[in-house]
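Me: Could you take a close look at one residue in this structure for me, and then work outwards to the strands? I'd like one connected walk-through.

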Amino acid sequence: MRALAVSIMLISAGVAGCAQSPLRGPEGATMAQVQIDAAPTPAWIFVDGAYVGQTPVTPEIPFTHETRFVEVVAVPMYATQIRQVLRITPPALPRSLTFFLDNPDPRAVTR
């Protein structure tokens, strides 16, 4: 059942067999590269609801003075692992994030 839900989510995000599209912010937005990884297995990564790839991935994340937070979601590939959600308040976006999918604490390690 979980695999079906993840499949539907990925298809609805427009990633079934198509190329990734970069995140786009409004004109003049600051773009920050953030290296995102997951352990012990890969995960699908969504930034503000947009699929950005499977870990490891380094998307450019846009933000402006009006951005209240950037939401990064790690969706695990296995039912025994835990979906992780991290909300980051700009402009202090970290250079890297690592999600630990076997840990119930949703806080990721940031650098």
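This is a predicted model: local features need pLDDT of at least 70, side-chain atom pairs count only at pLDDT 80 or more; totals for chains, interfaces and linings use all residues.

Reply: I61 counts as buried because its relative accessibility is 2%, against a cut-off of under 20%. Leaving aside residues up to four places away in sequence, I61 touches L23, T30, M31, A32, V34, V47, V70 and L93. There's also G25 to look at: it is 36 residues from I61 along the chain, and the two C-alpha atoms are 8.1 Å apart.

One of those contacts, V47, takes us to strand β3, which covers residues 43-47. β3 runs antiparallel to β4, with 4 bridges joining them, and in this pairing I45 stands opposite G53 of β4. Both strands belong to an open sheet of 4 strands, ordered β4-β3-β6-β7 with antiparallel pairing. β4 (50-54) and β7 (84-88) are the edge strands; each has a single partner, so one side of each has no neighbour in the sheet. On average, neighbouring strands here are turned by 20 degrees against each other, ignoring direction.

Now for strand β2, residues 35-39. In a regular strand, side chains alternate between the two faces of the sheet. In β2, I36 and A38 make up the covered face, while Q35, D37 and A39 are on the uncovered one. β2 pairs with strand β8 (residues 96-100) in the parallel sense, over 5 bridges. D37, from that uncovered face, stands opposite T98 in β8.

Methods: Residues are numbered from 1 along each chain as its sequence is written. Side-chain values use heavy atoms; hydrogens and water are left out. Buried means under 20% relative accessible area, exposed over 50%, partly exposed in between (1.4 Å probe, protein chains only). Contact means heavy atoms within 4.5 Å. Helices (H or I, at least four residues) and strands (E, at least two) are DSSP runs, numbered from the N terminus. Two strands pair if DSSP finds at least two bridges between them. Axes are lines fitted to C-alpha atoms, for helices over the stretch in contact, and angles run from 0 to 180 degrees between N-to-C directions.
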